[in-house]
Amino acid sequence: MGVGAASSTAVLVCQGRATADGRYAVGRFSDPVAEELLDPAERTVVERVRAGDVPAQAAERMAYEMVRRSGITMVPRTVAIDEAIREHDAAQLVILGAGLDARVWRMSELADVTVFEVDHPASQRDKLRRIGDRTPTALRVLPVEVDLATQTLSPTLENAGFDRQVVSTWVWEGVVPYLVADDVRAAVAQIAELCAPGSRLVVNYQAKSAWVSLMRGAMRLILRLTRQPDPLAGEPWRSLWRPESMQRLLHDNGFRVVSDDDLFTLAVGFELPSDVEGSLRNGRVVLAVRR
């Protein structure tokens, strides 16, 4: 990842949301801002997927499939997190590893909410470049530069104005797999310390799955053999969690787990294509409340 550039995974997630907008779970899923955050070259494959223009060449087909599959998996994941935010009347929202997340520019429910977008400094710079002068729907949006793998969260977040005495909502989406297990444990402990009783934590994580790991490995091999850019190369999965292990971690840090569902369960009724069932069963969203 170059200095000031979005991570390739963040771009892929954004491409996925842009691809899915208006196509799946209409009325439940929507992200009209995602495409606007993409640079012109990044939109090309999105336009192909939306048009159903399947590439004939194997190399281009792989990039096409990665974006298409990302779009499908983003639907239940995004809906579950959006609804958890809407259902919780909190004055503060913390988005950890915000990447190219567009919630503060598309969710009207955040009109009275101060949002802290926490991410690596390089990612923050790129996000600000992409968002430009777009007006947020949130009351306030405060970028907070923290590298969770090397820095403590509390000093920087509180210096930005976060009040640990006020009930808050926390969203940790698309980050856990890229941290080693000890960093995940340390981050959960820091979050717990900052959460007032009644605060909500929503965590998206990946469960252990030999099938999904095999598929990711195969995709990377094909990209390497066809000499195509590999968006996963610099960001390998470093920790996968069994649901009972994640729930125990949250419980031990003072959280009560309300729900913990795989994306396949969350997607019931969305009529998504069936060829990504394995990925949907691997991804999970857990909702917990600070005791």
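This is a predicted model: local features need pLDDT of at least 70, side-chain atom pairs count only at pLDDT 80 or more; totals for chains, interfaces and linings use all residues.
**Ground rules.** Local features need pLDDT of at least 70 and side-chain atom pairs count only at pLDDT 80 or more, while totals for chains, interfaces and linings use all residues. I number residues from 1 along each chain as its sequence is written, and side-chain values use heavy atoms, with hydrogens and water left out.

I looked up the largest pocket and found about 740 Å³ of space in it. A pocket here is an open set of points on a 1 Å grid over the protein atoms alone, where a 1.4 Å probe fits, with protein on both sides within 12 Å along at least five of seven lines. The volume is the space filled by probe spheres set on the points. Its lining (residues with an atom within 4 Å of a point) holds 35 residues, and S7, D119, G174, V175 and E235 lie nearest the centre. Helix α1 gives the largest share, five residues.

**Helix α2.** I checked its length next: the 12 residues, 40-51, should span 16 Å at 1.5 Å a residue, and the end C-alpha atoms are 16 Å apart, which agrees. The expected span is 1.5 Å times one less than the number of residues. Helices are DSSP runs of H or I, at least four residues.

Notes. Helices (H or I, at least four residues) and strands (E, at least two) are DSSP runs, numbered from the N terminus.
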